[in-house]
Amino acid sequence: MNNQTIEKMKEMRLYGMVRAMASAIDMGLKDITPDEFVAHLVDAEYDDRYNRRLLRLIKNAKFRYRAQIEDIDFSLSRGLDKNMFLRFSDCGFVKSKKNIIVTGPTGVGKSFIASALGNQACIYGYRTLYFNTQKLFSSLKLAKDDGSYISHIKKIDKADLLLLDDFGLQKLDTASRLILLEILEDRHGLSSTIITSQFPVASWHEIIGDPTIADAICDRMVNSSYRIELGGESVRKKFRRLD
């Protein structure tokens, strides 16, 4: 009877229940009431599905670093406010559709911090995507040529949290600035974006180029953003590939 039940569970893809059932059989079903046993099976299935979904979200996000909130070193001299940063750990900014801008010189951990926030969003069940900004622009330009542009944009639109890393390393050409405007316009007020940049927000107009488009981009991104402004010397000497 137990073997038949386990096989039916497998057919229904209740893999958490399968493992819990097999473990319970091995240990012996003693001193447990029927309702407690059912609760045990349901909890096992819930945890299994949560863990599999979390792994999918992290895999699909394609983060630059395997970073977690617990990995952030607040003892480093770079101006990272621990109390402010930890307030982001409940991902309330994603729920409220707010953005985060992380700026600072190279090597202070901007990408690592953004990846940790993205990983935390996955833990809370939010669909997250990570991109190097320049590589994203290049791939979307190619997508326009092969006809897959709309599908790529739709995938980005569906993300609850979008991470755009290393913004501003190159000044934007016409195609890039229009792509960025389209992405931020589609997400404005509907989902969250994190942008990291070596350059302060005050210089973004020059990076973007066209004054009208720059105004539109900054209006959609900057005005609804929390700011993390880092400073100090590079910490790469202490941690390899941190930023």
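How many cavities of 30 Å³ or more does a search of the whole structure find? I note one, taking a cavity as a set of points on a 1 Å grid over the protein atoms alone where a 1.4 Å probe fits but cannot get out. This is a predicted model, in which local features need pLDDT of at least 70 and side-chain atom pairs count only at pLDDT 80 or more, while totals for chains, interfaces and linings use all residues. Residues are numbered from 1 along each chain as its sequence is written, and side-chain values use heavy atoms, with hydrogens and water left out.

I looked up the volume of the largest cavity, which is about 30 Å³, as the space filled by probe spheres set on the points, joined across faces, edges and corners. Its lining (residues with an atom within 4 Å of a point) includes Thr-133, Phe-137, Asp-166 and Leu-172. Helix H7 (133-146) and strand E3 (161-167) each give two or more residues to this lining, and H7 has the largest share, with three; helices (H or I, at least four residues) and strands (E, at least two) are DSSP runs.

I then turned to the nonpolar cores, sets of buried (under 20% relative accessible area, 1.4 Å probe, protein chains only) Ala, Val, Leu, Ile, Met, Phe, Trp, Tyr and Cys residues joined through side-chain atoms within 4.5 Å. The largest has 31 residues, and Phe-167 and Ile-208 are among those with the most contacts inside it. Its largest share, six residues, comes from helix H11 (211-221). Apart from this core lies another of 30 residues, among them Ile-69 and Tyr-130.

Notes. 1 Å grid on protein atoms, 1.4 Å probe; cavity = no way out; pocket = protein on both sides within 12 Å on 5 of 7 lines; lining within 4 Å. Buried < 20%, exposed > 50% of the residue type's maximum accessible area, 1.4 Å probe, protein only.
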